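Here is a short briefing on a ligand site and some salt bridges. Keep the sequence and the 3D view open as you read.

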Amino acid sequence: MNHRERSKSIQNSWAEPYRMKVVELLKMTTRKERISNIRKAGYNTFLLQSKDVYIDLLTDSGTNAMSDQQWSGMMLGDEAYAGSESFYKMEAAIQKFYGYKYVIPTHQGRGAENILSQILIKRGNIVPGNMYFTTTRLHQELAGGNFKDIIVDEAHDPFNEFPFKGNIDLQKLEKLIKKYGAHKIPYVSIATNVNMAGGQPISLENLKAVRKLTLNHGIKIIHDMTRVAENAYFIQQREKGYGQCSLSDIVKEICSLTDGATMSAKKDALVNIGGFMAVNDFDIYEQARNLVVVYEGLHTYGGLAGRDMEAIAIGISESVDDYHQMARIGQVEYLGRKMESFGIPIVRPIGGHGVFVDARSVLPHLSQEQFPAQTLASEIYIDSGVRTMERGVVSAGRDKYGNNIFPKLELVRFTIPRRVYTQAHMDVVAESAARVISSAKKLRGLKMIYEPKYLRFFQAKFEKLSS
Ligand SMILES: *Cc1c(COP(=O)(O)O)cnc(C)c1O
């Protein structure tokens, strides 16, 4: 049985490739308590206390469950200030599984983005990428660059079934090169399993074509490899010629087509904190090794404890295991299919790290000024204690003239932490969403009563509209 056939069997019954050795007890709450909790939190799920949440699908960042191997690795952490043994283990894992030569640890992904952007980007440069990510783009801009989105158009249509919505539109890239000149473009920024598109993959065929085009112009490719193994799984399942390949081989091939990478280990690498940058060019490495001591720490710990680096080294090898990824993405798919069976409108195809519900079609009687996705997220919490988050007009914020940005997509994100919940939890989540949606007609919208200046979705407060 090849890899693709093996994972096809998940359409019948399948189970997680692990069992539980330690459990964390959850607090159950009553509806009355939840109504009071969400009111106190200003109808913003970010402001709920985690102890009041039953199933937490706010994010997949740093919320992973570590394995017994990782926990025992924590005890082996070498906490030396310089030359920690744990650093060398992490470095060896990155070289072995990703193939990059030189490694700089950082406290998390954005630490690596800061350093690499400062080294590679000059004022006035253009940085093309397959859709932006918040912190990645911000560091590119702080370094003086201008981000340009060159993802395929399909990525902006939530119901388009295109299997590789993370692909680069080569014509858009060529146009940019023509317009600005290759010397203005230090690198193309490529994310694997594009977060903001809903966890959608880039194909190897597309990446190879981008590599060919950029090599002709002497432009580098920098890889945001935060979810590279999840991307590799979709390639194994969907791309011609890769059904027989192991995830590990596919991951390595993806990395081999790029010049360097930044990584938030809080996602794919199955830990709670950490990140790194990795490059093949010695000169860039040398500059990074010098800069890291300014922002993070010495180049053999970069803001991480030895035990964190130990856990990352083990997490990387677990993340490229075929059965792990089959269950990880299989669980996301399980939730998505369950929701579809209840008639809930979700973004298609189902992505790698979460399911996104279209709040506009669920609450057609609310205008975007009445925050439909924020409303739906708070009602789902009231119904079952399940915490999700808004990805719509609140997240989009305001433009430079102070006007609300009204994005096309008004979504509620159900993000699934790795190895934390069971399929039974997913049943409860889908049933709760269906229950809330079945009586959605009578739901009233929200009014914003407090709005912070930056990234307002984290801390904004709301009140129920009275009619
Ligand atoms: C989370 C994330 C980052 C930033 O990483 P942090 O560890 O949160 O600093 C960068 N890129 C992508 C795609 C991410 O999902």
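By class, the shell around the ligand holds one nonpolar, seven polar and six charged residues. Here Ala, Val, Leu, Ile, Met, Phe, Trp, Tyr, Cys and Pro count as nonpolar, Asp, Glu, Lys and Arg as charged, and the others, Gly among them, as polar. This is a predicted model: local features need pLDDT of at least 70, side-chain atom pairs count only at pLDDT 80 or more, and totals for chains, interfaces and linings use all residues. Residues are numbered from 1 along each chain as its sequence is written, and side-chain values use heavy atoms, with hydrogens and water left out.

**Around the ligand**

- There are 14 residues around the ligand, and Gly-109, Arg-110, Asp-224, Ser-264 and Lys-267 come nearest. A residue is near a molecule if one of its heavy atoms lies within 4 Å of it.
- In the side chain of Ser-264, an N or O atom is 2.7 Å from an oxygen atom of the ligand.
- For Arg-227, the distance from a side-chain N or O atom to a ligand oxygen atom is 2.9 Å.
- A polar side-chain atom of Asn-195 lies 3.0 Å from an oxygen atom of the ligand.
- On its own the ligand has 370 Å² of accessible area, and the protein covers 95% of that. Such areas come from the Shrake-Rupley method with a 1.4 Å probe.
- Helix 5 (109-120) and helix 6 (134-142) are the elements that give two or more residues to the shell. Helix 5 has the largest share, three residues. Helices are DSSP runs (H or I, at least four residues), and strands are too (E, at least two), numbered from the N terminus.

**Salt bridges**

- The whole structure has 26 salt bridges. Each is a side-chain nitrogen of Lys or Arg within 4 Å of a carboxyl oxygen of Asp or Glu.
- Lys-27 and Asp-52 meet in one, at 3.1 Å from N to O. Lys-27 is in the loop between helix 1 (3-8) and helix 2 (31-40), and Asp-52 is in the loop between helix 2 and strand 1 (55-56).
- Lys-27 is partly exposed at 40% relative accessible area, whereas Asp-52 is buried at 8%. Buried means under 20%, exposed over 50%, and partly exposed in between (1.4 Å probe, protein chains only).
- Arg-137 pairs with Glu-141, with the closest N and O atoms 4.0 Å apart. These two are four residues apart in helix 6, so about one helical turn separates them.
- Lys-208 forms a salt bridge with Glu-253 at 3.4 Å. Lys-208 lies in helix 8 (residues 204-217) and Glu-253 in helix 10 (residues 247-256), so the pair ties together parts 45 residues apart in sequence.

Conventions. Polar contact = N/O pair within 3.5 Å; in protein donor to acceptor, adjacent residues only side chain to side chain.
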